[in-house]
Amino acid sequence: MVPSLFDLFLVIPGLFRVNLPTALVLLLSIIVGLLMVVVFRYTSDQKAIRIAKDHLKAHLLAVRLFQDQLRVVLSSYGRILRATGRYLRLAFKPLLFVVLPLTFLIVQLDRYLGSMPLQAGEPFLVKVRTTHGDILDEASLQLTPGLAATAPAVHVQGDNEVVWRLAAEKDGNYNVNISVSGQTFSKQVVVSSGLARVSAVRLRGAWWERMFISGEPGLPENGMVQAIEVGYPSRNLAFAGFEWNWIWLFFVLSLLAGFLFKSLLRIEI
Amino acid sequence: MKWYQTHPSRKRGMLYACLAVFALILLFPMRSEAYAGPGAGFAVLSSFWTLFVAFLYSAYAFISWPFRHLFRLLRHRKAYGNAQIKRAVILGFDGMDPELANRFMGEGKLPNLAKLRGHGTFRKLRTTFPAISPVAWSTFMTGVNPGKHNIYDFLARDLSNYLPLLSSVEIRAPKRSFRIGKYTIPLGKPQMKGMRHGTPFWHWLGKAGIFCSVIRVPVTFPPEKFPGVLLSGMCVPDLKGSQGTFCLCTTRGHTDAFREGGVRVPIDRDGSVCRSYIPGPEDPLAGGSGSELRVSFEIRPDPGKNRARITVDSESFIVQVGEYSEWISVKFKAGLGFNARGMCRFYLKEVSPEVEVYVTPVNIDPGKPDLPISHPVTYSIYLAKLFGPYATLGLAEDTWALNEKVLDDQAFLTQCYANHEDRERMFFDALEKTRQGLCACVFDTTDRVQHMFWRYLEEDHPAARDVPRDQRPNVIEDLYCRMDALVGRVMKQIDDETLLLVISDHGFKSFARGVNLNAWLHQNGYLMLNQEKKESGDWFEDVDWSRTRAYTMGLNGLYLNLIGRERYGIVQPNGEADALKEELRHKLDGLADPASGRVSISGVFDCDSMYAGPYVDNAPDLIVGYGEGFRASWDSVMGKVTSQIFEDNLKAWSGDHCIDPRLVPGVLFSNRKIADEKPAIVDVAPTILKLFGLGLPAHLDGKPWSVTAGNGVAVQTEVQPES
């Protein structure tokens, strides 16, 4: 049987003792690094950026070359600031082209890589935040088959919160339903041993207000519940002898890839 | 506000939301949700990192400044203590002629120089023997005669084989190397040894704590360490190690080699694409086999638009016919990671029916110099970052290309003034940075333009006989006006405590007739050829040294073939040599040109009586001073014996100064009164040292001038020798 590309993708990381999420970050970093410098190249004034950077370097050198002449040194500092401002102004437009699409990409990736799904049998917390503290007693939990509460609810009056501790019997996508004053709100719970899309919290509000944090539809605006959170464990990636938050690893690797491709493609950034 | 609370306002537009998102990303990072990709990362590293480094360095410089200043005060507590000036600004206009300056001032064309003449000083400045730029500028900076600084010409001779050497610098391959298969791997950098001796006066100033900015003074390569900044000028080689080798890439099938200064390279056509190459330096891995490195490039002519697209490596650009490209970086790859970096400009001559591209000599890239061309090495980088790439070659104006008619007048002038504008920018930056101390800059343009356009000044110059009088451009007049404007801008930027000197190393005269002194020596029995030949090849090919008593090489030097000095010497030193010198002087002095009866040699000078110092043994035996309108012929300079002694000079190089030095003094303008009636270029160094209140080293040959200070008090001129 001929292995598919996807099979290869799953096998190759094992050869290098890199797990799938790390390999995914590695691959995405290289692709994104390349794409970003290419986008930067075509959306920026390359010549102006090169001149601005050269001026920055020149004024830095001036500080060193004329170090005993205070007047020259001070004026060089001023010119360094001006040149930096000019560079940032030139970098702003291409940065917009780069940052906005990448922001949405990263938000989506964070659903997969930011937190790990729950494991079967592993206890986890479900927190519900209500609009008023006096309705906490009215909040109740309705569990779907496969989920079980492992402790009674805890009310945190000061924060308007009710907290339950649950556990799942086996892998699967579950819903927990919370009833408050006759209204029912649901929240997805993902139990899996693989890479899965998870959303730790469900919120009220417009999409752009929720987009960084929640991957689920908004809660009703006139409802009694402000937020429902599931305590997924955060994911750390092992790479180069360190434990990394995926986004820092992505930052470092994509930056390295960007600098590599910038040199190879002679792109001024 | 906690992460799960809703925003109070939901009635904001989409645009505002996007901007808010962006601002949030940049300003309020939240846990791992904060964006931190390469785009932002680049901005951080490229600007904030620079700022961070700048801040750290600034903080260090700022905090340590009082200590360093105190240290400097203690170490140089006398700096400026006895100075009568705060700053000296020296503008060197190579070859500015006092007679022309006087004429144009008289015509009201040089108002700023006329102002200096009126309120300060205008004198002829006595030059050196011989009146050649490397000699004169070496004397300018060291304050000594050539016997003490060792520069007598552009060329020196190798006594073992009578072949020429560059007089100012010796560049050799690295001392050690090892072989791997076909490769010879050099260990270390090429060895460079400056042949000019003596101490430039800015070294004395620097030691005393007086800051100096020195730009493009000739014979400052390789740059020497001193407390100040310096950019080397004349004598900086190109990447091939020559003083400038241009390249003409052409589809025309010429086989003639250029006489000097350039190479012809074929262009291969392949449909609409043409391919050629730029010859580069010798392959450092070839173990001295002489194989050269090359950079290939592609030309796509567009005859319809009278232009071409040229691609070198991955860089592609469009050039119109009759225009220059920007400076283009080129990398000559030798293998095993060894490469040489340089830069050149392309000038598109023609795209149809033939294709011709002129490529300037490959200059050392000032932003990434393979050889140091400044002190500190970062100074050339600083200038390149601030103003962009600039010509670094010592003789950057390609006079050979105009001589060989590869460039026309306009293309040459465009090149000259592009270089000149770069140097003006550098100079004014140095002037701004040097509020106290010395700021000196030499502009070559005056020399090159006069060399190449003197033909239009004269009624009947052989090189311009076919150009009607009314079609001759006023190039030299325009040149002097530009220099005057430069002086005007400098005068606006200096105060009463600044001394301004505008000097030239020599003047200019016509070069209409060439004198082949080797031919004269041959015809008069002093130089013998093998097998009774009538002519020799270049560099004394076919000369029978066993019967030769005298020869000439370079522009003004005449040498005896001395026993114990030259390898095949036959003339006994002292008695016989002295008699031979006297005989030659007697015969050559007043030598008349049979075509006109004019005196072609107005003086022959015995070097024994002119020079004194540790390097007099390297001097010629006689200096030949040609008369006005004459100079050593092109063949004579290259050690060639021809059948004719006199010939018309038909080259664009039509003006010269390598004649009797008494005929070509330089200029001296100043914003102060200088009392001396006969100032000389050798006096500049002691004068500047004296004005800054420094004692004069005892070995100096020059004498400080009597300069009237700003308050009207004459500066004391007694020389106080230093122990």
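Me: A residue is buried if 20 or more other C-beta atoms, placed from the backbone, lie within 10 Å of its own, exposed if 12 or fewer do, and partly exposed in between. What makes Asp589(B) count as partly exposed?

Reply: The model is predicted, and local features need pLDDT of at least 70, side-chain atom pairs count only at pLDDT 80 or more, and totals for chains, interfaces and linings use all residues. Residues are numbered from 1 along each chain as its sequence is written, while chains are lettered from A and ligands numbered from 1 in the order in which they are written. Asp589(B) has 15 C-beta neighbours inside 10 Å and therefore counts as partly exposed.

Me: Where is the place of Asp589(B), and with which residues is Asp589(B) in contact, leaving aside its neighbours within four places in sequence?

Reply: Asp589(B) lies in the loop between helix H14 (575-588) and strand E29 (601-606) of chain B; helices (H or I, at least four residues) and strands (E, at least two) are DSSP runs, numbered from the N terminus. With those neighbours set aside, its contacts (C-beta atoms, placed from the backbone, within 7 Å) are Ile601(B), Gly603(B) and Val604(B).

Me: Why are H3(B) and H12(B) called roughly perpendicular to each other?

Reply: Helix H3 (residues 98-106) and helix H12 (residues 475-493) of chain B pack at an angle of about 80°, with their axes 11 Å apart. Axes are lines fitted to C-alpha atoms, for helices over the stretch in contact, and angles run from 0 to 180 degrees between N-to-C directions. Angles under 35 degrees count as roughly parallel, over 145 as roughly antiparallel, 65 to 115 as roughly perpendicular and the rest as oblique. H3(B) and H12(B) are therefore roughly perpendicular.

Me: Which residues in H3(B) and H12(B) meet?

Reply: Leu100(B), Ala101(B) and Phe104(B) in H3(B) meet Ile476(B), Glu477(B) and Tyr480(B) in H12(B).

Me: What does helix H4 of chain A span between its end C-alpha atoms, and where does H4(A) bend?

Reply: H4(A) (residues 70-113) spans only 52 Å, whereas a straight helix of 44 residues would span 64 Å. H4(A) bends by about 40° at Pro94(A), the bend being the angle between axes fitted to the seven residues ending there and the seven starting there.

Conventions
Expected span 1.5 Å × (residues − 1). Contact = placed C-beta atoms within 7 Å.
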